[in-house]
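Let's take a walk through a protein model together. Keep the picture open beside you and look up each residue as it comes along.

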Amino acid sequence: MKENGNRTYLTQGLSCWISDIAFSRFRSFCNHVLGVRIDELPSEQSIFMVSCNFHGIGLSISMCYLFVIMIAPTYKTLDTVIICVLIVLSWWLPSRLPYAENYDLFKHFLLRFSIVVGFIAIRSIFLRQSRNERSIKEMTHSFIKLAYNDVMTGTLNRKAMETYCAFTAEKLAPETVSVIIYDVDDFKSYNDHYSHIKGDEALRLIAESVVRILLRMDRYLFRFGGEEFVVILPGIAEDEARRVAIELLGAVRAVAIPRDDLPGRSIITASFGVASASSRELNDLSVIAKADRQLYVCKKDGKDCVAAGNIIYR
């Protein structure tokens, strides 16, 4: 009981809240890239309901007990001892009863009673084991969330991005892959003027708006670091990636977070860099460096725009 309580406390401490749309993208990433079904947790009744079906076939109760021990080894010695005692009683006790006219009736009653008692004991064992399994899976899922999620913005983090790049280059191996990288304009000034708490909230709202656009395309948003975010587009040419970036630029503007810390700027904006390359350049992340250079073309040309092939698009 103390061990289960400690696990529950640890699981609660590891859990992190993310929005429904962010969790949907995270679950898709786990299913397709990591090969982990993050939403599947065993119920406490599932294993026991399967075990009850063994009563419907023509096995003796003692063989049923032995079968249970084989398919579900108990975690505690006492559990095994109880089941072994039930096996012995189901075979030995009826033969020791005195002969009487109602011997067969009493023997059948005793066997049925042993079935009930046995399955009550087995049920408690299965429920305890399934609770342990559920607790372990919850802890595993919590660790995966912490490992691949950026808790503050609800996006995937840099480790997830590197994993996705390797997965795309090695498993999907597209001929062309495009990268979009965006950076919130003059974010340090906004942070200094409004506080870091307001800055974090602004990043989260912008990320949510961008994720809604990417959700329709079944693409992921990764936080690269600070106020920089990356989108990986396997099999997408640069022209199409540029159009996606322009749509994301509009999504950032649509959030319309007000600011008055800089002259000539009334809302928070972002700059986007777009580049395309082969899968090999995605594997070593050099294509991200190419997109980053396009981002700085935006920064030099007034920001709040998209740059691709050294051309500015507003």
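Start with a word you'll need all the way through: a residue is buried when its relative accessible area is under 20%, exposed when it is over 50%, and partly exposed in between (1.4 Å probe, protein chains only). What you are looking at is a predicted model, in which local features need pLDDT of at least 70 and side-chain atom pairs count only at pLDDT 80 or more, while totals for chains, interfaces and linings use all residues. Residues are numbered from 1 along each chain as its sequence is written, and side-chain values use heavy atoms, with hydrogens and water left out.

Let's begin with charges. Side chains of opposite charge can pair when their charged atoms come close. Here a salt bridge means a side-chain nitrogen of Lys or Arg within 4 Å of a carboxyl oxygen of Asp or Glu. How many salt bridges does a search of the whole structure find? The count is 15.

Take R158 and E162 to start: their side chains meet in a salt bridge, 3.4 Å from N to O. Both sit in helix 7 (residues 158-172), and because they are four residues apart, about one helical turn separates them. R158 is partly exposed at 38% relative accessible area, and E162 is partly exposed too, at 36%.

Now for a pair with a longer reach. K299 forms a salt bridge with D183, and their closest N and O atoms are 2.6 Å apart. This one links distant parts of the chain, since K299 is in helix 12 (residues 286-300) and D183 in strand 3 (residues 177-184), 116 residues apart. Are the two partners buried or exposed, or something in between? K299 is partly exposed, with a relative accessible area of 21%, whereas D183 is buried at 8%.

Another salt bridge joins D186 and R265, with the closest N and O atoms 3.4 Å apart. D186 lies in the loop between strand 3 and helix 8 (187-194), and R265 in the loop between helix 10 (238-255) and strand 6 (270-277), so the pair ties together parts that are 79 residues apart in sequence. D186 counts as partly exposed, at 24% relative accessibility. Back at K299, salt bridges that share partners join D183, D185 and K299 into one network.

Next, the strands. Two strands pair if DSSP finds at least two bridges between them.

Which strands pair with strand 5? Strand 3 pairs with it in the antiparallel sense over seven bridges, and I181 stands opposite V230 there. Strand 4 (residues 221-225) also pairs with strand 5 in the antiparallel sense, over four bridges, with G225 opposite E228. Strands 4 and 5 form a hairpin with two residues between them, and G226 in the turn has a positive phi of about 60°.

On to the aromatic rings. A pair of aromatic rings is described by the distance of the centres and the angle of the planes. Rings of Phe, Tyr and Trp (its six-membered ring) pair if their centres lie within 6.5 Å; planes under 30 degrees apart count as stacked, over 60 as edge-to-face and the rest as tilted. The structure holds 11 aromatic pairs. In one of them, the rings of Y164 and Y220 have centres 5.3 Å apart and planes at 80°, so the pair is edge-to-face. Y164 belongs to helix 7, while Y220 is in the loop between helix 9 (196-217) and strand 4, 56 residues apart. Y164 is buried at 6% relative accessibility, and Y220 is buried at 5%.

The rings of Y182 and F272 make a tilted pair, because their planes stand at 35° with the centres 5.1 Å apart. Y182 is in strand 3 and F272 in strand 6, 90 residues apart, and both are buried. Finally, go back to Y164 and Y220: together with F29, Y148, F167 and F222, they form one aromatic cluster.
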